[in-house]
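Student: Could you walk me through reading a few features of a model like this one? I'd like the general idea each time, then the case at hand.

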Amino acid sequence: MSTNAHSSDNEKGRNSDDRPDIASYTPRPTRIANAAPVGLFSFASTTFLLSMYNVNTRGIHTTNAVLGMSIFCGGLTQLLAGMWEFPRGNVFGATAFSSYGAFWMSYSTIFIPGSGIINAFAGREDEFHDAVGMYLMVWFMVSFMFMLTVMRKNVAFTSLLFFLALAYLMLAISEWTGNIKVTRAGGGFGIIAGLIAYYIAVSEMLAAEKSAFIRLPLGVLSA
């Protein structure tokens, strides 16, 4: 009887105290290094590049040059980062990196000629843009829900997800309306999100170095 009560107490302790989150969590014993920097750099680079295209930097209107990067950098590398975060006990990092890795690979697939997705909408361009707009709106919702998990805990990640959600929202609206100004607004928000992700990635890398000459705060508000 006492053994069961002891086990129950342990179980309660695990449920109440062992709650990893992005702001502060106790890494589980593992030889796997922090995967957050590689996931963040991959996310930042792909988001920043596509957003530069969306604001028509140097007159670029065709964004297909980002496909290779979005598949292997934003997609595959982020997905791997998410898988590496699971054994470290970082539930948010594992979920976010895996999800955005899947986003980049699925988004890229739409525009790969061999996928046949665009060809399926031949002669129905309006329907295609409506479909892509709905796709992007789903990711606005996902990003918003991710933001809710870090609000009041971490300023840097909250800001990142806030601007990312706005970027998805603007790009979804631009697909539905065809308004180039809204597309550029989405690109602008994406650039900001990419820069914040770069900042967080550098902060995470510096935190892993014992002799780093500087530390970059992430604005942790609560443990």
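Student: Which helix gives the most to the nonpolar patch?

Tutor: Keep in mind that this is a predicted model. Helix 3, residues 67–88, gives the most, with four residues. The patch is formed on the surface by Ile 32, Val 38, Phe 72, Leu 76, Leu 80 and Trp 84, with about 510 Å² of accessible area together.

Student: What does UniProt list for "transmembrane region"?

Tutor: Such annotations may be inferred rather than shown by experiment. The unreviewed UniProt entry lists several ranges, including 65–84 and 134–150. In the model, residues 65–84 are 90% helix and 0% strand, with the end C-alpha atoms 29 Å apart. Residues 134–150 are 100% helix and 0% strand, and there the end C-alpha atoms are 25 Å apart.

Student: Is Thr 158 buried or exposed?

Tutor: The cut-off for buried is under 20% relative accessible area. Thr 158 counts as buried because its relative accessibility is 17%. This residue lies in helix 6, residues 155–177.

Student: What does the side chain of Thr 158 reach?

Tutor: Its side chain reaches the backbone oxygen of Asn 154 at 2.6 Å. Leaving aside neighbours within four places in sequence, Thr 158 is also in contact with Met 147, Val 150 and Met 151.

Note on methods: Residues numbered from 1 in each chain as written. Predicted model: local features only at pLDDT ≥ 70, side-chain atom pairs only at ≥ 80, totals over all residues. Heavy atoms only, no water. Patch = residues over 30% accessible without salt bridge, like charges linked within 9 Å, V, L, I, M, F, W, Y side chains within 5 Å. Areas by Shrake-Rupley, 256 points an atom, 1.4 Å probe, with all protein chains shown as cover. Salt bridge = Lys/Arg side-chain N within 4 Å of Asp/Glu carboxyl O. Helix = DSSP H or I, 4+ residues; strand = E, 2+ residues; numbered from the N terminus. Buried < 20%, exposed > 50% of the residue type's maximum accessible area, 1.4 Å probe, protein only. Polar contact = N/O pair within 3.5 Å; in protein donor to acceptor, adjacent residues only side chain to side chain. Contact = heavy atoms within 4.5 Å.
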